[in-house]
Amino acid sequence: MLSVVYGPFTDLELAFVAALRGLAQPGRGPLAVVAPSRRLAERLQRLACVESGLALLDVHFHTFHSLADALAQEAGGLPGPLVRDPAFFDAVLDGLLDQAGRPFGGASRPKALASALRSSLSDLIDAEVDAGQVAEHLGEGLLGEAEGSRLSALLALCDAYKRKLEELGVVSASELTRRAAAWAQGSALLGRFHAALYYGFYDLTGLQLNFFQAVSSRLPTTLFFPYRRGHPAFRFADDFFKQVLAARSPQEAARAPGRAAVEPALDGLFCGQAPAALPDGALRLLSASGARDEVWAAAKEILALVDEGFCRFDEIGVTARSLEPYRAALAEVFEENAIPLELSAGQPLLRRPAAKLAWTLLSLARRDFPAMAVLDVLGSPYCARAADARRLSSWRLIVERLAIHAGWLQWRKLEARAPEELGLDAEAARSLWEIVSSWRRKLSGSQGSWAALAAGARELVCSELSLPADASPLEREALDLVLAQIDSLAAFDRLGLAASWEAFLDALERKLRASALAPESRRGVRALSAMDARGESFAVVFLLGLKEKGFPRQIQEDPLLREEARAALRHPAGYWTRPKRDGYEEERLLFYLCCACAGRRLYCVLPRSDEAGKAEVPSLYLRELCRSSGLELARAKRVPRLPFERLQSAPWALLSPREASLRLSSSDGCAAAAYGRRVGLPGELLAESLERLPELQRRGQPGAFDGIISPPRSYLASEERSGLSPTALDQLSRCPFQFFAQRLLGLDAGEEPADQSEVSPRLRGIIYHAALRRFYEGCPEDGAEWRPRLEAALKEVFSGYGWRELGVYPLLWRSIRDRMAERLSDFVSWDLAQSRQAGLRPLWLERPVSGTLPGGLKISGTVDRVDASPDRARVRVIDYKSSWKESLAKLVREGRHHQLPLYSMLVASELGLPQVESAAIFSVEDSPRATGRERMQALEAEELSGLAAGFLSGLNERVEGLRRGRFPIRPMEGEWGHCARCGFSTICRKAHAPSRARGER
């Protein structure tokens, strides 16, 4: 009762319409049409009704799943609920894997193993693999010992999985298909149909094949099979055609008058035949840089096609192997260019701000309350705890000043530290603590039923998030879908296991990431993935993403059900399982079908590079299409990568108002400003910006936009009174622009938030300095009994720094404190020994010094320590550091270290000496044993004298630049470069090539 018609989709459509016209006659009874997807079923309806003018009374369009659902309803329903939720099946598998042990890893297995196993088990279930029969084959040595053992374990798990689903009383989609095949034999519903037309599938699983054969044994059935006998692109369908359909005397469909635009090239695709001539303009090649430029190029071509009257918007299709890399660019670029767009699938749920915010809130405890995530929630307009800008600013300042990064112990600083000590708003700190602590209580990670956890999660989202009245329908739909997915997890109670909050979040995250909003239905350009484009028909098709690993996609071997096992199950075991490597054959078929969708013109778009400019490799399929059509890939129309050049490459009529404004701005500023005013843009602001553009873009000497300002008289006056510190001079030498931003503009660079497992180097330095000062104050000359003195000094200093205030765990703080005490003890032991040997002892500790250098520059600062001989004839200046890695002499020579040279001059002057004996860096944490570095780097009197002239000359030059208002950028990237630690990177133009070139002059 089965007849087969085969051919390309263009021919099958003509044959299908002819068959439908003959069968859908009044009085003949209902007719069933079955397609592999709902989208293809809708295409058949449009083909029959709109394009062919047929009346379809009593013609029922189904997919495999919808027909199986109809048979289930006729049979009185399923024995349990039909579950299609992958997260539920992953949870079932996780429960089985907890008890499985080897070879699946037991409790130590990867978190994603259940999902990977589910895919492998689905292949076995859909192929109806029988473990007992396979065991007989394995006994005959069909597989090697290792592979046979792995397959046996997988089959045992598959049997346990099916039994577990039966125990839980749920029905999977595979089980529905299996039952539908049995119901078909006696179905009165099928008996009412006088015929069935199956259309468009080129392969089936074992269960689907059984269902198809059960229907075709009951009804006169015609299968319209997309296939070209002997063509390499259709090799994926060869097995099904030869093994299942060839015995049915398949008939080739009559050739349709309307063929694909590139049909001559498709005839020779993957065949190695000589190139075929195509109609003029049938195939066009575009080359762009990155996904957004690919979409931009397609948009401009679409506008040109419609303006010329070549086709309508709804006759154009945009496709790619996967639409996901292009979804955002398609929506943005097509909206800007006023091109109506219909996406085949809705936007991923977590792309919507409301959904993303809900997930951020629910996962705060899992991520240990990151400060930025907490502030993002509180600063969102969707947060029910509405706060004004001033309160939000206070909260951000509190987080910054208290160095809260992440971890509950760091948030405890809000409770442990008095905000007034740091000049913070006490009421704002109290309210922030109340909010965060209330969230922690609600996200405490308790265990319970899935329904209870779902109710708690819903209550938290509903109480903490509230959409404003003017929120878009998409945001409301997104939040509703989040709540629906939370509610759906209550069904997991069927598993009979108590759920942890962590397991609940794992399941919810999988569901949210797999969810998408319903696509908007609008008439316009249709964007589809390659899978959805099968069987569609357009006047013009744009095929995007033709690069390696894009189309074809990269096929990965299933590590659990390997190729060797799949091949053995198919031949000779006889199960309908495909090796994963056959996926490349399907990729060829999909490429052919995408190209064949274009009736009048096909555009192939090649991304020659990604958004960052990294070169991409053209798809082998595109190269083959070019070969078979006689076109050279190198002659593709290139879309310029630089924005202004890209705009200049497009005709004026195809530019959006924003693009036209930008293009005008590069040529005629006055015209740009006038145009901006006409389209409602701030023309004066644009004109003012354009006046500055040539100055910003020029090469040569630095100017007014490069930190070259008039003399900063008010700042100089204040410094003349108080004096410049060596630290300020270090900053001026390191980067004048950084000096300008912080000290003249008064901008706050902020501090890096503390890490939970360490104390910052700055704080360690403060503790070392304080402990050493307390230790040496009143220390006996011989240093006797120094250990108790050091312990007392450390105890006093550490008493002011508790683990709560520092935001580290108590055990970690104890470990850090012990390590710091040990380092300090080693240092003091070394320090006392070398001081005795040198005949020096501390004279001054953290003493302010000031003075005026030759040339009139006033210097002030605090010297860490000055050692002297009993007669004060010999003096050494010391600067403490936690750790020191660079050469002191080199830094002084290059003018990057000012403390020791300047302090040496000031100390010598105050003590009435011609010069100090030496100046040294003392590093607390360094030693040959600990870090391989010496504890001391010293400049002796002779070396200081030799460096003095060059040092002072460079210093005077830098100070002269300060007095004249010269503050250019001075970039230094890399691991040790100051740019890596600069807090002003957001206002620095070091990434702008002309500005950088001028600054480096």
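Me: Is Cys597 buried or exposed, and what is its relative accessible area?
Reply: Good place to start! This is a predicted model, where local features need pLDDT of at least 70, side-chain atom pairs count only at pLDDT 80 or more, and totals for chains, interfaces and linings use all residues. Residues are numbered from 1 along each chain as its sequence is written, and side-chain values use heavy atoms, leaving out hydrogens and water. Buried means under 20% relative accessible area, exposed over 50%, and partly exposed in between, using a 1.4 Å probe and protein chains only. Cys597 is buried, with a relative accessible area of 4%.

Me: How many disulfides does a search of the whole structure find?
Reply: A disulfide is a covalent bond between the sulfur atoms of two cysteines. Here it is taken as a pair of cysteine sulfur atoms within 2.5 Å. The sulfur of Cys597 is too far for a bond, because the closest cysteine sulfur, in Cys594, is 5.9 Å away. Searching the whole structure gives a total of 0.

Me: Which cysteine has the sulfur nearest to that of Cys735?
Reply: Cys735 counts as buried, at 7% relative accessibility. Cys735 is in no disulfide, and the nearest cysteine sulfur is 6.2 Å away, in Cys988.

Me: What percentage of the residues of the chain count as buried?
Reply: Let's step back to the whole chain. Its C-alpha trace spans about 125 × 70 × 60 Å along the principal axes. Of the 1001 residues, the share that counts as buried is 50%.
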